[in-house]
Amino acid sequence: MTQSQPAALGSRIPSFFKLGIGARIAALRDRTALTEEDLVALDTGTHTLKTHLADKMIENVVGVFGLPMGVGLNFLIDGREVIVPLAVEEPSIVAGLSGAARTARLSGGYRTEVTDPVLIGQVQVVDVPDLELARQTLLERQEEIVNLANSLHPKMVARGGGAKEIEVFHHRVPEGGSPEGPERDMLVLHLLVDTRDAMGANVVNGMCEGIASLVEAITGGKVFLRILSNLADRALVRADVRIPVQNLDMRDYAGTEVRDGIVLANDLALVDPYRATTHNKGIMNGVDAVAIATGNDFRAIEAAAHAYAARTGSYRALTRWFAADNGDLVGQIEMPMKVGTVGAPLETNPTVRLSHRLLGNPNAAQLAAVIGAVGLAQNYAALRSLATAGIQQNHMTLHARSVVSAAGVPEELFDEVVERLIESGEVKVWKAEEVARQLTRKTVVAASDAESRSSACGKVIILGEHAVVYGRSALAAPTPLTVEARVVDATEGVRLLVPRWGLEQRIAPISERPTGAAGMVATLLKQLDLDGRAMTIEAFPDVPRGMGLGSSAALAVSVIRALDRHFSLGLTDAAVNEFAFECERTAHGTPSGVDNTVATRGKLLLFQARAPGRSESIEEVELSRPLPLVVGLTGKESLTAKSVARVAESWRRSPDRYDAIFDQIEMLTNAGAEAARNGSLLELGELMNLCHGFLNALQVSTKEVEELVEVARRHGAAGAKLTGGGGGGAIVALCPDGTDQVMSGIKSAGYEAFAFDAN
């Protein structure tokens, strides 16, 4: 197999699943043939099929339907690195494929063989006076028939394809399918056509139509059906893999046990059609995902695969697994694989074109090889699960996450509900809802745990983002989401553990210039004169990371309080706030101070930062009625430092222009604080909408933010706007008539949300 543009840095991307979507897309830049436009399209979602294009593809179009698109990593196929696009909704398939490919690459990956891409066209002939004479004459005049077929598609012939030969079969069938009825004789001519890189259905159908008159003249009969067959048993892919037994070792299972279990499970599928059906369905989980992503007819591929599995008269597995003489596990697959890489159906859908570039723009044979290898990899992943811990246990976590999401569980309870759902063994939506209700009612934690942890809240900015960095006012509220932290003595060094964020790292001394959370903690330890102490700092965040909700400030404040408690430092709230501000400076460059101040005080504040000609002002806002708020999460990380830097660059180029915008935002903020005090929620909502317009003008909004704002307003929010630094993150919506409809609207649009009353 060859590819026009190989994956330059390989298909192995460690911890890919832990990255944010933007970071995953960036990781594909140097590994694939994706263009910069493709990368932007993936990041913004603009690659999706548009309705006006869908309207040209099928009838009665009313919209488009989406599927998650992922990538299978680690694939080494015929010595080539391949990153595989997968369009599929079922959990565990992408992870299972990537894991199988990772195991296979240790011993050289997958080897494939692809036959010529031949399709069969069928021409049915009835009422033939002399069946045997007609059959023999058709075969004798094969060249004439093939030449006529090729004259209809000279471009296909010029590409090395076209009609190659014919076959003729005599069938005797009972009329109407009744065994007791009279029998009918017919001839069926098979026209074998090499369609090269095209899927070829239209070409073959056109050739069958074109030769019908000649077939009638030769046979003296009447041509009826003229159509291709989807049983593409002349276009086969074969793939094999060899895995040394030591590479099969798992926790609690020796490699020989895994090997023998896989062989035993496959043996059952070779003799039992009930098991073979499920076995082959698992293969098609991977095959169909690639076929859909690349715009191929997955229904035709499915039909051919199942018919081929029954070619001996008994339905059986498409794969064979056995132990080699040296003990290695060997896997083989053979199945029909007629796919295309050119043609109008593939060129209409922009996501399909993107998928082909992701694969390196393969031809049809190369794509068939990839899909064959994916089918074998998916089969290995399923059989290994069955042979070891069981398929249900391996699926359980991913399935539980889907169920908890369907139950609408808030972000702050999500992971805990998943864990409890798995423990219960009742992975159902109703059970997830019940667990969430129990956790919501549970307001008191165990005394020993409460005493060992310190806490700080996240924040939502109601009015004043970005302007607050330039000394203007911001109205900000604490959220019920918190970060808890505790400090535990250790024998050496400093470690930071944040399990929910997948963070576990050594904290290097400040002299080594650590960055990110490690840099923040190193700075803090230096300032508190604790950099020589050994400890483990554990943090337990409910605040989602990178959503503009003050997660870094809440982390800083909770860690400072935990250090204060553990080492009896005697810090005042003012000192905690000041140290947290320095941590924010390390994380974001030029913070306003509003995040750490809200995290420290836990109050609704009208905040004004220090700036030239302006002194810091912090005022607690007393409300006459609570503010019912909904926070919608885009799922796209907000890089606050980047957004702040971009606005700063614009301000440096045109300070007067941007100062005027910041003054307008401050005017809205001060008016909003007064409206909040008076309980004038409709007025506050209007001011939020106006403020969002200014933030959009500052170019810190995104497509996802705009969609969430529109959804919130459409479902009854008096005001809705970006909150935080922008570039992704979250929105905040004010809901005087209650939060239920806005929450429902946001979740129906495919986003997460949570509601609370600010007071």
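Colleague: Is glutamate 674 buried, partly exposed or exposed?
Modeller: Keep in mind that this is a predicted model. The relative accessible area of glutamate 674 is 41%, and buried would need under 20%, exposed over 50%. That puts glutamate 674 down as partly exposed.

Colleague: Which residue forms a salt bridge with glutamate 674?
Modeller: Look in helix 24, residues 655-678, for a residue 3 positions away, about one helical turn. The closest N and O atoms of the pair are 3.0 Å apart, and the cut-off is 4 Å. The partner is partly exposed at 22% relative accessibility, and its name is arginine 677.

Colleague: OK, and how many residues apart in sequence are aspartate 38 and arginine 357?
Modeller: Those two side chains meet in a salt bridge, 2.6 Å from N to O. Aspartate 38 sits in helix 2 (residues 36-44), while arginine 357 sits in helix 13 (residues 350-358). So the pair ties together parts of the chain whose separation in sequence is 319 residues.

Colleague: What about arginine 299, buried or exposed?
Modeller: Its side chain meets that of aspartate 297 in a salt bridge of 3.2 Å, N to O. Aspartate 297 is partly exposed at 30% relative accessibility. Arginine 299 reaches 53%, and the line for exposed is drawn at over 50%. So arginine 299 is exposed.

Colleague: Which residues are linked with Arg238 in a network of salt bridges?
Modeller: The count for the model comes to 34 salt bridges. In the network with Arg238, the other members are Glu113 and Glu334.

Colleague: Switching to packing, are helix 20 and helix 22 parallel, perpendicular or oblique to each other?
Modeller: The axes of helix 20 (residues 551-567) and helix 22 (residues 594-601) come within 8 Å and cross at roughly 50°. Roughly parallel needs an angle under 35 degrees, and roughly perpendicular runs from 65 to 115. The two helices are therefore oblique.

Colleague: Which residues of helix 22 does helix 20 meet?
Modeller: Helix 20 passes helix 22 in a right-handed crossing. From helix 20, the contact takes in Ala553, Ala554, Val557 and Arg561. By class, the contact between the two helices has 4 nonpolar, 2 polar and 2 charged residues. On the helix 22 side, the residues are Asp595, Asn596, Ala599 and Thr600.

Key. Residues numbered from 1 in each chain as written. Predicted model: local features only at pLDDT ≥ 70, side-chain atom pairs only at ≥ 80, totals over all residues. Heavy atoms only, no water. Axes fitted to C-alpha atoms, helices over the stretch in contact; angles between N-to-C directions. Helix = DSSP H or I, 4+ residues; strand = E, 2+ residues; numbered from the N terminus. Parallel < 35°, antiparallel > 145°, perpendicular 65-115°, else oblique. Left-handed = near helix turned anticlockwise from the far one by under 90°. Contact = heavy atoms within 4.5 Å. Nonpolar A, V, L, I, M, F, W, Y, C, P; charged D, E, K, R; others polar. Buried < 20%, exposed > 50% of the residue type's maximum accessible area, 1.4 Å probe, protein only.
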